[in-house]
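Visitor: Hi, could you walk me through this structure?
Guide: Happy to, here it is.

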Amino acid sequence: MEIIIAIAIVALLIIIFPNIRIVPQASQYVIEFFGKYKETWEAGLHFKIPFVERIAKKITLKEQVLDSPPQPVITKDNVTMQIDTVVYFRIFDGQLYTYGAVNPINALSNLTATTLRNIVGEMELDGTLTSRDTINGKMTEILDEATDQWGIKVNRVELKNIIPPAEIQNAMEKQMKAERDRRETLLQAEGHKAAAITRAEGDKQAMILAAEGERDARIARAEGEAKAIYLAKKAEADGLRALKEACADASVLELKKYEALIQVANGTASKLIIPTDMVNAVTKNTVFSETTGLGDTTPEAPKPKAPPKKDECCD
């Protein structure tokens with residue numbers, strides 16, 4: 001009897017232990033009961049009923065990457081080029097992922113290729129090469145909406161490579177070279193223009209500074225001459241004031257007039273304009289000298305004596 005119990009216990013343990021399952025973190029197990037979906041196990045410890053329940057699918061909830069091979073795509077202007085994409089997605093519902101499609105990953109890859117052809121087919125070559133963000137956004141929106149029924153969440157789509165035909169690449173390289181040459185010419189022209197403007201501004205500033213210097217020099221000379229005239233007049237006024245304070249008589253004043261006349265006569269002019277009062281003064285002095293004999297430096301010669309008259313009566 002004890003042997004039977006021991007055998008039963010061993011058989012029970014053999015049956016029970018394999019049906020104890022631990023679901024890892026970020027994973028889901030889809031459980032079927034007699035071939036029909038029963039539940040989805042989340043992370044943790046679970047027990048499966050032997051012989052009637054089975055694990056239909058083990059699913060990871062981590063983000064996954066689908067790297068599609070290059071696909072031939074024709075643009076709106078009939079240019080065929082190779083484009084490969086990278087799709088970042090994750091599974092959010094294990095039941096939909098298990099029963100939504102036979103092979104969800106393959107379905108996502110084919111859907112990515114057809115969506116890419118549809119979007120690029122409405123664009124021209126230049127627009128395709130310069131609108132990566134637009135294409136990425138449209139593909140992400142379309143794929144995310146289409147894969148909801150498969151339990152897949154598309155986070156983003158990136159265009160990995162865009163490879164145009166060889167002749168298009170050569171034409172693009174020539175166009176790029178011509179554009180760079182044009183930019184170089186424009187930059188050189190802008191440099192020459194800036195240099196000419198700078199030189200003109202320098203010449204202008206030099207002329208302005210020279211004019212300002214000449215103006216300041218003229219002002220300084222004029223101020224110097226005005227000051228000299230002022231000082232001369234001031235000295236003359238001080239002299240007259242000193243004569244007045246010294247109570248000079250008429251003879252001193254007449255002497256000053258003669259000195260002024262001598263200074264006038266020392267000039268280089270061929271004509272002299274003598275004031276009337278000076279002429280009158282000279283005339284008066286001349287008459288006075290002739291009348292009084294004052295002022296003569298040479299004495300007059302003695303007059304010869306007349307011979308004696310003969311007396312006619314005595315002869």
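This is a predicted model: local features need pLDDT of at least 70, side-chain atom pairs count only at pLDDT 80 or more; totals for chains, interfaces and linings use all residues.

Visitor: Which residues of the largest nonpolar core touch the most other members?
Guide: Ile83, Leu116, Ile135, Met139 and Val154, out of 27 residues. A nonpolar core joins buried (under 20% relative accessible area, 1.4 Å probe, protein chains only) Ala, Val, Leu, Ile, Met, Phe, Trp, Tyr and Cys residues through side-chain atoms within 4.5 Å.

Visitor: Which elements each supply at least two residues of it?
Guide: β8 (80-91), α3 (104-120), α5 (132-146) and β9 (152-163). Helices (H or I, at least four residues) and strands (E, at least two) are DSSP runs, numbered from the N terminus.

Visitor: Switching topic, what order does the open sheet of three strands have?
Guide: β3-β2-β5, with antiparallel pairing; strands pair if DSSP finds at least two bridges between them. β3 (36-41) and β5 (53-60) are the edges with a single partner strand each, so one side of each has no neighbour in the sheet.

Visitor: And how many bridges link β2 and β5?
Guide: Seven, with β2 spanning residues 27-33. Phenylalanine 33 has glutamate 53 in β5 as its bridge partner.

Key
Residues are numbered from 1 along each chain as its sequence is written. Side-chain values use heavy atoms; hydrogens and water are left out. Buried means under 20% relative accessible area, exposed over 50%, partly exposed in between (1.4 Å probe, protein chains only).
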